[in-house]
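Subject: Structure handover

Hello,

Here is the structure I said I would pass on. My notes on it follow below the entry.

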Amino acid sequence: MLEIKNLHASIGDNEILKGLNLTIPDGEIHAIMGPNGSGKSTLSYVLSGKPDYEVTDGSVTFDGQDILALAPEERAAAGLFLAFQYPIEIPGVANMTFLRAAMNAQRKARGEEEISTPDFLKLVRQKAPDLGMSPEMLRRGVNVGFSGGEKKRNEILQMALLEPKLCILDETDSGLDIDALKVVAHGVNALRSPTRSMLVITHYQRLLDHIIPDVVHVMHKGRIVRSGGKELALELEESGYAAYEQDAA
Amino acid sequence: MSAMDAPVRTPLRPVRTAAEEALALTLQATLDAEAGQGRIGEVRRAALDAFRAHGLPHRRVEEWKYTDLRAAVRDVPPLSTAPDAAAEAEALALVPSVPDAARILFVAGAFARGASDLAALPEGVAALPLDSAIAAADPLADRIGALSPDRYDAALALNTGFLKEGLTLHVDAGARVARPVHLAHAFPGGKPAAGFTRTVIVVGAGAEVTLVESFSGTVGVAYHANHAMELVVGDGATVHLVRLQEEGDAALHLGTLMLEMGRGAKLNHFSLAQGAALSRFSVYGRFAGTGAQGSLSGVTLARGRQHADTTLLLDHAVAGCESRELFKTVLADASHGVFQGKIVVRRDAQKTDGRMMSKALLLSDAAEMDNKPELEIFADDVQCGHGATVGALDDKMLFYLRSRGLPQAEAELLLIQAFVGEAVEQVESEALRELLMDRMVAWLAKRAA
């Protein structure tokens with residue numbers, strides 16, 4: 001599904017990813033853990049094509065396609081989805097308008113027919129209640145006046161509607177209480193499928209109690225420094241990232 | 001306005017441009033031929049004298065600092081003549097369709113009887129072409145000029161000097177008029193012409209009416225459209241007024257709205273400006289009755305080298321009135337937007353509540369916005385505020401939308417629509433909101449193409 005080789009990326013003069021390698025096979029959930037500043041969020045932005053970052057070396061192959069040359073919208077249409085750590089508020093654009101525009105833009109890019117209004121409404125009515133998204137929240141401006149938890153649920157709703165092949169969840173647990181975390185994790189788990197992979201970026205182990213990963217990677221100073229099974233997350237919770245800090249020192 | 005509003009003027013230069021000479025001569029000839037006797041004749045001659053004295057305004061005239069009319073007006077096209085059936089048909093093709101409305105049409109500034117629903121106006125509404133109204137000594141014709149501001153305004157002086165075409169419209173006290181009345185102005189054909197129209201509207205006490213004004217014309221033709229409206233909103237009356245300025249891209253559009261609000265009167269005005277090479281829309285509003293509420297909002301869209309100016313002067317003369325102004329400007333390419341808004345609160349106008357906001361979105365580095373909001377307060381117990389912002393599209397929002405699959409152009413369109421939408425929201429009628437959004441989306445789609 002996703003193959004990252006020797007990825008180097010900078011923002012301004014500051015190199016943040018320094019030769020990162022990562023392979024995620026179809027249907028697997030991989031977690032990336034690491035201390036603050038290790039480059040986890042940068043990786044998610046570079047994969048989704050945020051213009052502020054410059055890739056200086058390496059390759060990213062998604063479903064056999066080199067995606068580094070693609071615009072963010074082309075990556076989205078190819079099936080890549082980033083659930084933002086801090087979802088953006090867009091006053092004046094109704095959530096429903098946004099969701100439908102996103103679905104249709106992706107369909108159009110793939111040469112598919114636009115979704116009809118009744119079909120769209122049916123789909124939203126089917127998916128929104130599980131995530132606790134009220135009709136009122138769907139009418140409001142995108143993320144406007146949403147709590148932290150509501151914003152994250154809105155991200156997962158978008159994911160459920162867009163049905164991406166690769167979901168990148170950037171610190172989806174940040175700012176969530178345990179109940180909100182469960183709702184979000186439930187929504188994510190409902191999307192698990194043999195044809196869908198996930199990259200779960202988190203600072204804490206607790207999210208991984210609810211979204212069980214196949215592989216856990218430790219990221220430090222812009223590289224993957226260790227990989228293991230889900231028990232690695234527990235080990236990190238015990239020992240913290242101090243060992244890696246010392247290695248680097 | 002009183003002397004305290006009078007700006008300090010630089011001494012006038014006797015130098016006249018060719019356009020000024022031409023305008024003064026044409027005006028003189030027109031007056032000699034048709035001004036006649038009586039009050040209207042006097043009003044027109046006074047306008048000519050004022051124009052002779054002051055001419056076209058330029059950068060050193062405070063209120064025209066950002067819109068140098070003297071430099072912009074080089075040629076003066078000939079005065080328009082009465083339209084024939086072919087011109088009427090061509091004009092109608094340019095006019096936007098307003099759902100369910102009764103329409104009155106002016107072709108290049110001249111009343112088009114054949115294409116106007118004068119006899120089929122909604123109940124409670126009576127209208128007369130201006131020349132008939134003057135000839136018949138209609139009481140509304142007698143009010144012409146009654147709402148003129150104290151300060152010299154070249155656009156209005158020319159409109160008054162050439163005063164002949166236009167309309168008087170009266171809404172009976174207490175009438176609830178459901179159907180909108182559409183006052184359509186169009187300049188068809190390939191030859192530039194100059195047209196001057198004056199509309200005098202009195203809305204009786206407690207009445208409610210919706211008025212739509214539209215201005216359109218042939219693309220690429222440098223015609224001059226000069227329109228002025230005098231509107232009296234009677235005690236307790238409610239007026240919804242929507243203005244669609246979609247002139248051809250080479251046109252000069254000078255628009256003036258003079259407004260008087262009675263006791264407890266309500267005005268909900270929206271203006272869309274997206275046409276003309278150079279446009280200026282001036283509003284002189286007077287809150288003359290306690291408890292009057294005025295909401296003035298608008299959107300300006302400009303591209304290429306378009307220049308669009310909105311200038312408001314709102315005079316709170318009595319206590320307890322409320323005014324709300326929200327103007328949005330979207331500027332592409334090397335276009336230039338101007339917003340000047342001044343709220344004057346007189347000494348007796350206690351408890352005035354006035355809020356004015358101008359927000360501009362620049363889509364290009366070469367675009368320019370000049371914002372000049374002003375408050376002049378002589379009362380001590382008022383709530384007034386103003387604000388102005390200029391910015392670009394938000395990169396974070398754009399990336400968020402693109403990361404969901406929206407192409408750049410579509411993401412921009414969505415954000416621009418959201419930006420102007422806040423102003424359009426002020427329009428109460430859903431049908432008119434839709435009409436406005438449709439016109440704007442069409443404009444924005446053309447920009448993207």
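**Notes on the model**

D333(B) is partly exposed, with 14 other C-beta atoms within 10 Å. On the scale used here, a residue is buried if 20 or more other C-beta atoms lie within 10 Å of its own, exposed if 12 or fewer, and partly exposed in between, with C-beta atoms placed from the backbone. D333(B) is found in the loop between β15 (322-331) and β16 (336-345) of chain B. Although D333(B) is not a glycine, it has a positive phi of about 50°.

This is a predicted model, in which local features need pLDDT of at least 70 and side-chain atom pairs count only at pLDDT 80 or more, while totals for chains, interfaces and linings use all residues. Residues are numbered from 1 along each chain as its sequence is written, with chains lettered from A and ligands numbered from 1 in the order in which they are written. Helices (H or I, at least four residues) and strands (E, at least two) are DSSP runs, numbered from the N terminus.

The place of E171(A) is in the loop between β9 and α7 of chain A. Is E171(A) buried or exposed? E171(A) counts as buried, because 21 C-beta neighbours lie inside 10 Å.

**Helices α6 and α7 of chain A**

Two packed helices are described by the angle between their axes and the distance between the axes. Helix α6 (residues 148-162) and helix α7 (residues 178-190) of chain A pack at an angle of about 5°, and their axes are 10 Å apart. The axes are lines fitted to C-alpha atoms, for helices over the stretch in contact, and angles run from 0 to 180 degrees between N-to-C directions. α6(A) and α7(A) are therefore roughly parallel to each other (angles under 35 degrees count as roughly parallel, over 145 as roughly antiparallel, 65 to 115 as roughly perpendicular and the rest as oblique).

On the α6(A) side, G149(A), K152(A), R153(A), I156(A) and A160(A) meet A180(A), V183(A), V184(A), G187(A) and V188(A) of α7(A). Two residues are in contact if their C-beta atoms, placed from the backbone, lie within 7 Å. By class, this contact has 6 nonpolar, 2 polar and 2 charged residues. Ala, Val, Leu, Ile, Met, Phe, Trp, Tyr, Cys and Pro count as nonpolar, Asp, Glu, Lys and Arg as charged, and the others, Gly among them, as polar.

The 13 residues of α7(A) should span 18 Å at 1.5 Å a residue, and its end C-alpha atoms are 18 Å apart, which agrees. The expected span is 1.5 Å times one less than the number of residues in the helix. L181(A), V184(A), A185(A), G187(A) and V188(A) are the buried residues of α7(A). They cover an arc of only 155° around the axis, which puts them on the same side of α7(A); the arc is that of the directions from the helix axis to the C-beta atoms. These buried residues pack against α6, β9 (166-170) and α8 (207-210) of chain A.

**Helix α2 of chain B**

Helix α2 (residues 38-54) of chain B has 17 residues, which should span 24 Å at 1.5 Å a residue; its end C-alpha atoms are 25 Å apart, which agrees. R44(B), A47(B), L48(B) and F51(B) in α2(B) are buried. Seen down the axis of α2(B), the buried residues fall within an arc of 100°, so they line one face of the helix. That set packs against α1 (18-34) and α6 (154-161) of chain B. On the other side of α2(B), the exposed residues are G38(B), R39(B), E42(B), D49(B) and A53(B). After α2(B) comes G55(B), with a positive phi near 65°.

**Where the chains touch**

Chain A gives 20 residues to the contact and chain B gives 16 residues. On the side of chain A that touches chain B, the elements giving two or more residues are α2 (72-78), β7 (90-94) and α3 (95-109) of chain A. Of these, α3(A) gives the most, with 5 residues. The residues on that side of chain A divide into 14 nonpolar, 4 polar and 2 charged.

Regards
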